Amino acid sequence: MASFKIISGSYSDIGSRPTNEDTHTCVDDVSTVCNLTTPTKPVAAYAIFDGHAGPKTATSLEQTFIPSIFAHPEIFTDTQKAIRETVK
């Protein structure tokens with residue numbers, strides 16, 4: 001099997017607002033932020049967190065959301081369930 005690497009980038013613009021309270025995360029290889037044993041191919045994850053109530057929650061989610069989702073035992077067999085149960 002040929003190996004490949006996922007490479008991404010991101011950009012954020014505040015527009016006409018005085019500050020940008022939104023955050024985002026780009027994880028090109030999820031195995032670097034959590035212990036993945038299931039897929040044999042690279043798995044990437046990307047998320048945007050709206051900081052409309054201030055940056056604190058968005059910043060916290062930026063660091064914890066992806067590892068939390070991929071820690072769910074059914075992330076690859078029932079993705080919707082894994083996300084639903086993680087964000088409860």
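Q: Which residues does His72 touch, leaving out those up to four places away in sequence?
A: In this predicted model, His72 touches Lys81, Ala82, Glu85 and Thr86, with residues up to four places away in sequence not counted.

Q: And which side chain has a polar contact with that of His72?
A: The side chain of Glu85 does, and the polar contact is 2.7 Å.

Q: Where does His72 lie?
A: His72 is in the loop between helix 1 and helix 2, the latter spanning 79-86.

Q: Is His72 buried or exposed?
A: His72 counts as buried because its relative accessibility is 12%, and buried means under 20%.

Q: Moving on to Ile69: which element is it in?
A: Ile69 is found in helix 1. Its relative accessibility is 5%, so Ile69 counts as buried.

Q: What is Ile69 in contact with, neighbours within four places in sequence aside?
A: Ile69 is in contact with Ile75, Ala82, Ile83 and Thr86.

Q: How far apart are the C-alpha atoms of Ile69 and Leu36?
A: They are separated by 11 Å, and the two residues are 33 apart along the chain.

Q: Now the largest nonpolar core: which members touch the most other members?
A: Val30, Leu36, Ile66 and Phe70 do, in a core of 14 residues.

Q: Which elements give two or more residues to this core?
A: Those elements are strand 2 (45-49) and helix 1 (55-71). The largest share comes from helix 1, with four residues.

Q: What does Ile66 touch, not counting residues up to four places away in sequence?
A: Ile66 touches Thr25, Val27, Val30, Val33, Ala45 and Ala47.

Definitions and conventions. Residues are numbered from 1 along each chain as its sequence is written. This is a predicted model: local features need pLDDT of at least 70, side-chain atom pairs count only at pLDDT 80 or more; totals for chains, interfaces and linings use all residues. Side-chain values use heavy atoms; hydrogens and water are left out. A nonpolar core is a set of buried Ala, Val, Leu, Ile, Met, Phe, Trp, Tyr and Cys residues joined through side-chain atoms within 4.5 Å. Buried means under 20% relative accessible area, exposed over 50%, partly exposed in between (1.4 Å probe, protein chains only). Contact means heavy atoms within 4.5 Å. A polar contact is a pair of N or O atoms within 3.5 Å; within protein, one must be able to donate a hydrogen and the other to accept it, and residues adjacent in sequence count only if both atoms are side-chain atoms.
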